[in-house]
Amino acid sequence: MHIDVFTLFPEMFDGPLHASILARAQEAGLLRVALHNIRDWAEGRHKVTDEPPYGGGGGMVMKVEPIVRAVEGVLGADVGRVPVILLTPQGRVFNQRIAYEFAAHDRLALICGRYEGVDERVRALVVTDEISIGDYVLTGGELPAMVLIDAVARLIPGALGARWAPEDDSHASGLLEGPHYTRPPEFRGLAVPEVLLSGDHARVARWRREQAIRRTFARRPDLLEAADLTDAERAFVAQLRAEAAQQGQ
Ligand code: ADE
């Protein structure tokens, strides 16, 4: 996977790209992140990348020419083939399904907006998708780009190492994960559930699935509609709902 990032602040990416799984994925040749400073495509002695908006109003708008020249120059013949994603609070809200969608590509381009946003013609000329990481406003698209890179990179086969499977994650099956425990078996009077020490793998799997459904019901009931559940599991959810309704009375 090759990811081109277009930003005015490439140095913001140094920390996240050079630690842990993202660093290992790059060392292993599974991930390449190329940082491009949009300023390098700006013209004139002052290399201006932003200007006040036509029509007045506060703030600054990122200019169209440097961004379009940068994206076309870097992508070359891949323009039109590669998703060009603008990070903006106006985009569709990112989730695990979209992470899988992007992970299916061998190359992505990310444009990090700043200030009041980018000149609308950037959208018309190069952008193919717009992503928001949530309904709040950040100072720019750099942190959202890092979130997207992290979520996508860990789905590249081999990136998590042999024993870690992204299919088990919260959200992968449409459910939140249940609780996890490791040693010691008891701490300050809190014991690890007996089933996890039983060595009975089928029982452990059943318990985990039930815990995942219980936790999703308690915290994110909205996810249960689209979750991949068996008929028996749907009946269990109906029972949880009935119990909750009774307790609410
Ligand atoms: N830029 C500023 N806020 C953002 C957000 N929530 N998502 C994506 N890009 C952004």
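**Salt bridges, ligand shell and a nonpolar patch**

Glu225 is exposed, with a relative accessible area of 58%. In this predicted model, Glu225 forms a salt bridge with Arg241, and the closest N and O atoms are 3.9 Å apart. The pair links distant parts of the chain. Glu225 sits in the loop between α8 (201-219) and α9, while Arg241 belongs to helix α9 (residues 231-248), 16 residues apart. Arg241 is partly exposed, at a relative accessible area of 42%.

The count comes to 20 salt bridges. Another of these joins Lys63 to Glu51, with the closest N and O atoms 2.7 Å apart. This pair, too, links distant parts of the chain. Lys63 lies in the loop between β4 (61-62) and α3 (64-75), and Glu51 in strand β3 (residues 50-51), 12 residues apart. Lys63 has a relative accessible area of 18% and is therefore buried, the cut-off being under 20%. Glu51, at 36% relative accessibility, counts as partly exposed.

A salt bridge also forms between Arg81 and Asp106, where the closest N and O atoms are 3.3 Å apart. Arg81 lies in the loop between α3 and β5, and Asp106 in the loop between α4 (96-103) and β6 (107-112), so the pair ties together parts 25 residues apart in sequence. Both residues are partly exposed: Arg81 has a relative accessible area of 45%, and Asp106 one of 48%. Arg81 and Asp106 belong to a network of salt bridges that also links Asp4, Asp78 and Arg107.

The distance is 3.1 Å for Thr88, 3.0 Å for Ile133 and 2.8 Å for Tyr136. On its own, the ligand has 260 Å² of accessible area, of which the protein covers 96%.

Tyr136 lies in the loop between β7 (129-132) and α6 (142-153). At 43% relative accessibility, Tyr136 counts as partly exposed. Together with Met12, Leu138 and Leu143, Tyr136 forms a nonpolar patch on the surface. The accessible area of the patch is about 340 Å².

Definitions and conventions
Residues are numbered from 1 along each chain as its sequence is written. This is a predicted model: local features need pLDDT of at least 70, side-chain atom pairs count only at pLDDT 80 or more; totals for chains, interfaces and linings use all residues. Side-chain values use heavy atoms; hydrogens and water are left out. Patches are made of residues with over 30% relative accessible area and no salt bridge: like charges are joined within 9 Å, nonpolar side chains (Val, Leu, Ile, Met, Phe, Trp, Tyr) within 5 Å. Accessible areas come from the Shrake-Rupley method with a 1.4 Å probe; for residues, only the protein chains shown count as cover. A salt bridge is a side-chain nitrogen of Lys or Arg within 4 Å of a carboxyl oxygen of Asp or Glu. Helices (H or I, at least four residues) and strands (E, at least two) are DSSP runs, numbered from the N terminus. Buried means under 20% relative accessible area, exposed over 50%, partly exposed in between (1.4 Å probe, protein chains only). A polar contact is a pair of N or O atoms within 3.5 Å; within protein, one must be able to donate a hydrogen and the other to accept it, and residues adjacent in sequence count only if both atoms are side-chain atoms.
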